[in-house]
Amino acid sequence: MTPKEVLEMAKENGAKVVDIRFLDFPGVWQHFTVPLSELDESAFEEGFGFDGSSIRGWQPIHASDMLVVPDPTTAKMDPFFKEPTLVLIGKIQDPLTGESYSRDPRYIAQKAEAYLKSTGIGDTVYFGPEAEFFIFDDVRFSSGTNFAFYEVDSVEGIWNSGKEESPNLAYKPRHKEGYFPVPPMDKFQDIRTEMLLVLESLGIDVECQHHEVATGGQAEIDMRFKPLVEMGDQLMWFKYVLKNVAHRYNHTVTFMPKPLFEDNGTGMHTHVSIWNEGKPLFAGDKYAGVSQEALYAIGGILKHCKALCAFTNPTTNSYKRLVPGFEAPVNLAYSSRNRSAAIRIPMYSASPKAKRIEFRTPDPSCNGYLAFSALLMAVLDGIENKIDPGEPLDKNIYDLPPEELAGIESAPGSLEEALAALKEDHEFLLKGDVFTKDVIDTWIEYKTEKEVNAVKLRPHPHEFFLYFDI
């Protein structure tokens, strides 16, 4: 879509204002709104100014002025605002030099796509994330010098089976039994369908929606695979739509990986495939019907997995889900059907077009642009350097004898460990100037200071249960 076509679209839809959006470093959409009169064709070159020092992980206060330049190809009408609103996602630029900003996650994703083409390996990379989430009814939390607590509630929570609800109509999924009985056990069918339909109204292709394994309203809506930058955009719309549809019904959605104890956490199994001139690169005659390039790609992911987790599992809470021995995809192995391995080759279809790699370790707390870009760079490094992934692991990992299990590496056990791995292993990300040293260093510094240390320094409520009487 051209700037002229965007202006025509705004007129046809009766837009009164324009919402300009971009992503901060950790991965949350930011926005401001201008009158439609402020948007003309020149705005798509000159952009709009804002204070970059107030955006997490970005500019210092003495160099705060920045520009956001709308991308006309991203134009959509907002489905929630009272007044008709045109939405444009923007790219971030320096107002003095006009150069793109190195810490703009969407710019990093654009560079990753360009680097893929420059290698000659392929011209398109497709991503298909399965982003799980929880729908809660009530969420309370606070943390101070002398206290800390959280409490979540859900009409579906099995913990409410004995609650006086006047009346309590029961039908609450037991722990790990939410996948996926029909209503009335499933309380959120209509809400998920509305989420699906709103996504489709925005031009986002959806494959299915369903309840997930956990009690308390865990769910999944699957988007059809798209190229890297487009899927990065769609993941932001996805989170935005789900949160706002839930809000309409006085519910709240979270993509936090592990909000409930003793039940399944929330993952984002991510499917990836590379194509060249309309042909799938990962289809072949090797193990599980994949190509040698696909096996090398798997080798790249396994080699760099610990560093990748700094972007694909970027919160301290992520590692409450990634605990060895509890069915989490932490084992650095691959298989055609084994869901306990970090990488799976889906076998739903024999079609060459369906051949892809499923990286099961990521979770939806990630910044999609950064996570997908880092994953692509690991895949390309594996193909370029012909990294052997070793033999597949088709056995049940949890039934393996200790001596055999000892030979299988695991994903990091904490965000601190993942950041340490990224510090030691990031050269593959710097190729093609996709990630810069500034981005890597700032990510490690921000995550360590704002999240790792912030959690490490605080007493945990359960520590009082364990140790107060010592």
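Predicted model: local features only at pLDDT ≥ 70, side-chain atom pairs only at ≥ 80, totals over all residues.
Figure 1. The secondary structure comes to 13 helices and 18 strands. With a radius of gyration of 23 Å, close to the 23 Å that the globule rule gives for 470 residues, the chain is as compact as a globular protein of that length. Along the principal axes, its C-alpha atoms fill a box of roughly 65 × 60 × 50 Å. Look also at how the chain meets itself: of the contacts with a separation of 6 or more, 67% join residues 24 or more positions apart.

Figure 2. The accessible surface comes to about 21900 Å², and carbon and sulfur atoms hold 52% of it. The chain has 47 positive and 71 negative charges. How far apart are the mean positions of the positive and negative charges? They are 2 Å apart.

**Figure 3. Phe134 and Phe136 form a stacked aromatic pair.**

**Figure 4. Trp237 and Tyr240 meet edge-to-face.** The planes of these two rings stand at 80° and their centres are 5.7 Å apart, so the pair counts as edge-to-face. Both residues sit in helix α5, which covers residues 228–248. Because Trp237 and Tyr240 are three residues apart in that helix, about one helical turn separates them. Trp237 is buried, with a relative accessible area of 1%. Tyr240 has a relative accessibility of 15%, so Tyr240 counts as buried too, since buried means under 20%.

**Figure 5. Four aromatic residues come together in one cluster.** Which residues form this aromatic cluster? Look for Phe22, Phe50, Trp58 and Tyr101.

**Figure 6. Asp381 is a buried residue in helix α8.** This helix spans residues 368–384. The relative accessible area of Asp381 is 7%, and the cut-off for buried is under 20%, so Asp381 falls into that class. Which residues does Asp381 touch, leaving aside its neighbours within four places in sequence? Asp381 is in contact with His304, Ile387, Phe428 and Lys431.

Note on methods
Residues numbered from 1 in each chain as written. Heavy atoms only, no water. Helix = DSSP H or I, 4+ residues; strand = E, 2+ residues; numbered from the N terminus. Rg over C-alpha atoms; globule rule 2.2 N^0.38 Å. Contact = heavy atoms within 4.5 Å. Areas by Shrake-Rupley, 256 points an atom, 1.4 Å probe, with all protein chains shown as cover. Lys, Arg positive; Asp, Glu negative; His and termini not counted. Charge placed at Lys NZ, Arg CZ, Asp CG, Glu CD. Phe/Tyr/Trp six-rings, centres within 6.5 Å; stacked < 30°, edge-to-face > 60°. Buried < 20%, exposed > 50% of the residue type's maximum accessible area, 1.4 Å probe, protein only.
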